[in-house]
Amino acid sequence: DPDNVAFCVLAADEEDEGDIALQIHFTLIQAFCCENDIDIVRVNDVGKLAAIVGPSEESGEPRDLHCILI
């Protein structure tokens, strides 16, 4: 629900720039945010974002932190 979102964090490392699927994903998210007046914050280090958000879940699977809606 866009009314419950304060802002969007998009994170990408330099190696992600060549990932076409991820770039399309970012484009769609940015369009959604612009359409719903949601501010976007871009971060260039997924590892730093992971450290801020906290440790990974107990399942052992890495979390996808390329997009976080706050």
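## Cysteines, sheet and surface patch

At 25% relative accessibility, Cys67 counts as partly exposed. The model discussed here is predicted.

**Cysteines.** The structure contains zero disulfides. Cys67 takes part in no disulfide, and the nearest cysteine sulfur, that of Cys8, lies 3.9 Å away. A disulfide requires the two sulfur atoms to be within 2.5 Å. For Cys34, the closest cysteine sulfur belongs to Cys33 at 7.0 Å, which is too far for a bond. Cys34 counts as exposed because its relative accessibility is 56%, and the cut-off for that class is over 50%.

| Residue | Relative accessibility | Class |
|---|---|---|
| Cys34 | 56% | exposed |
| Cys67 | 25% | partly exposed |
| Ile70 | 46% | partly exposed |

**Sheet.** Three strands make up an open sheet of mixed pairing, ordered β2-β1-β3. The edge strands, β2 (39-43) and β3, each pair on one side only. On average, neighbouring strands of the sheet are turned by 20° against each other, direction ignored. Strand β1, residues 7-11, pairs with β2 in the parallel sense over five bridges. Within this arrangement, Ala11 has Val43 of β2 as its bridge partner.

**Surface patch.** Which residues form a nonpolar patch on the surface? The patch consists of Phe7, Val41 and Ile70, which together have about 230 Å² of accessible area. Ile70 is located in the segment after β3 (67-69). With 46% relative accessibility, Ile70 counts as partly exposed.

Methods
Residues numbered from 1 in each chain as written. Predicted model: local features only at pLDDT ≥ 70, side-chain atom pairs only at ≥ 80, totals over all residues. Heavy atoms only, no water. Buried < 20%, exposed > 50% of the residue type's maximum accessible area, 1.4 Å probe, protein only. Patch = residues over 30% accessible without salt bridge, like charges linked within 9 Å, V, L, I, M, F, W, Y side chains within 5 Å. Areas by Shrake-Rupley, 256 points an atom, 1.4 Å probe, with all protein chains shown as cover. Salt bridge = Lys/Arg side-chain N within 4 Å of Asp/Glu carboxyl O. Helix = DSSP H or I, 4+ residues; strand = E, 2+ residues; numbered from the N terminus. Pairing = 2+ DSSP bridges. Axes fitted to C-alpha atoms, helices over the stretch in contact; angles between N-to-C directions.
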